[in-house]
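Have the structure open while you read.

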Amino acid sequence: MTDHMENIVSPWEIEAFVQSLDISILENIGTKSWLEFHKRLTLLNQQSVLEVTGLREESVIEWFISLKKIPVLIYEVIQIDIWKHKVFPFLIDLNGEPSNTFMLFSVLYHEVVAASLLENILFHCESAQTLDDTVIDLIDYAVQHVTMLLDEKSLEIYESLPIKTNSCLEEILEKLKVFEFDIGMRCISILHYLIEFLDNLPLCAVSRMLAIHDIPYLFAQLIENQPWRKQNENGEILTYDANWKKIQVDEVGKICKREGQVWFALRELLLNPKCSPYYEISEHRLSQLMKLQKYLHENVLDQIAPLIELKRWLSYLNISSAILSSNTTKAIFVEVIPQIKLSILEKYHKKWSKVARYQSKCLYTMDTNYIKDAAQILNEVYDLEKLDRLETKKCALCQELSKKRCSKCKEAWYCSRQCQVKDWENHKNICNMITKTKE
């Protein structure tokens, strides 16, 4: 039986990798130095996922917090988001169909990696102390991507591109839609964590969430639309957590992670006294918030008991909304302008086509040596054995989470030696067949 829990990045490398991280330059995207940066960030993310899922010491997260590198991740997600809307269409326009997908895939995947790291790091309240004014940029970015979960037309910018069926470009755009959805889901978590430690954030972050973006309304829309749940062609209900999974019989009616996060965030925003000066209950807001009442039924309250207070508050609000609105103390707004997006847009204003022409040399290169070097850099990142280690496995016998697998066929997973021994009679024939096929 082989163990599933080796490190992806060694402990001494983690500190060096995090220490070396600095914001990348947009025009360098696709160069070898940028690919090296992407590789380090991706390996750190893989190691972080391994530590979180394996309930181990979270050294990647600790180094990001102690070395104050969270703003680098915020910069990276915003920069790639700008790149895919401003540069990517020009690249396709100038060069047409790409001959391979892996270079463009790496650029688009970079945003997923940075968002994943942000989600893991912001789970820890200590991270709030290292957030500066870039938290405003992060709130804007997260709200934008959560809003996209409710609006399927948000990817229409790419629909005008010349796409052939079964082409590399079609494959990239399909992958991009998957990435956008995944980032949107991670942004629910990011906003939830920020809301959980609002008391440690500057007041401008509170006013940004409530007065500018009206997150309670946005989250009420999420509860109504349930983007984390869908039905497949067989009529089976699927729920999303990093990928789509079938809901088992014993899980029907169970609140999934994202839905729970939305409920906790709503409760905090609506009941926290610090928030009320920034959130006047208008007639429109009242009508939207009242819709939440029908979802706060017994099954939900049994699973998240603190929501009873939210239900009481909504009932009270319904009766006395006129009094509440007139009694709300108006806050003095200190507006902080988000800097990251603005600075990138200003720096490259009317230069997007020029950037695309420059990047074409790397992202559309036909130089076999360059492609080989790029593949060599990324080989370690997309190593299937490493990626396999990151997936949550269930025991073939008892369905508990597993970290060990059959050393012979490497396909069956077990939580313990006892389960493997008990299952051997069932597994023996399949094991032999798989091993012979591989040979």
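## Before you start

Keep in mind that this is a predicted model. Two packed helices are described by the angle between their axes and the distance between those axes, so both numbers come up for each pair below.

## α8 against α10

Start with helix α8, residues 168-196, and helix α10, residues 215-225. Their axes sit 13 Å apart, and the packing angle is about 135°. Angles over 145 degrees would count as roughly antiparallel and 65 to 115 as roughly perpendicular, so α8 is oblique to α10. The crossing of this pair is left-handed.

Who makes the contact? On the α8 side you'll find I188, L191 and I195, and α10 answers with I215, F219 and L222. Sorted by class, that contact has 6 nonpolar residues, with no polar and no charged ones.

## α8 against α11

Helix α8 also packs with helix α11, which spans residues 257-271. Here the axes come within 9 Å and cross at roughly 35°. This crossing is left-handed too.

From α8, the contact takes in M185, R186, I188, S189, H192, Y193, I195 and E196. Facing them in α11 are K257, R258, Q261, V262, F264, A265, E268 and L269.

## The cavity

How many cavities of 30 Å³ or more does a search of the whole structure find? The search turns up 1, and the largest cavity holds about 50 Å³ of space.

Its lining is made up of P98, S99, N100, M103, L104, L363, Y364 and T365. By class, the lining of the largest cavity has 5 nonpolar and 3 polar residues, and no charged ones.

Notes
Residues are numbered from 1 along each chain as its sequence is written. This is a predicted model: local features need pLDDT of at least 70, side-chain atom pairs count only at pLDDT 80 or more; totals for chains, interfaces and linings use all residues. Side-chain values use heavy atoms; hydrogens and water are left out. Axes are lines fitted to C-alpha atoms, for helices over the stretch in contact, and angles run from 0 to 180 degrees between N-to-C directions. Helices (H or I, at least four residues) and strands (E, at least two) are DSSP runs, numbered from the N terminus. Angles under 35 degrees count as roughly parallel, over 145 as roughly antiparallel, 65 to 115 as roughly perpendicular and the rest as oblique. A crossing is left-handed if the near helix is turned anticlockwise from the far one by less than a right angle, and right-handed if clockwise. Contact means heavy atoms within 4.5 Å. Ala, Val, Leu, Ile, Met, Phe, Trp, Tyr, Cys and Pro count as nonpolar, Asp, Glu, Lys and Arg as charged, and the others, Gly among them, as polar. On a 1 Å grid over the protein atoms alone, a cavity is a set of points where a 1.4 Å probe fits but cannot get out, and a pocket is an open set with protein on both sides within 12 Å along at least five of seven lines; lining residues have an atom within 4 Å of a point. Grid points are joined across faces, edges and corners, and a volume is the space filled by probe spheres set on the points.
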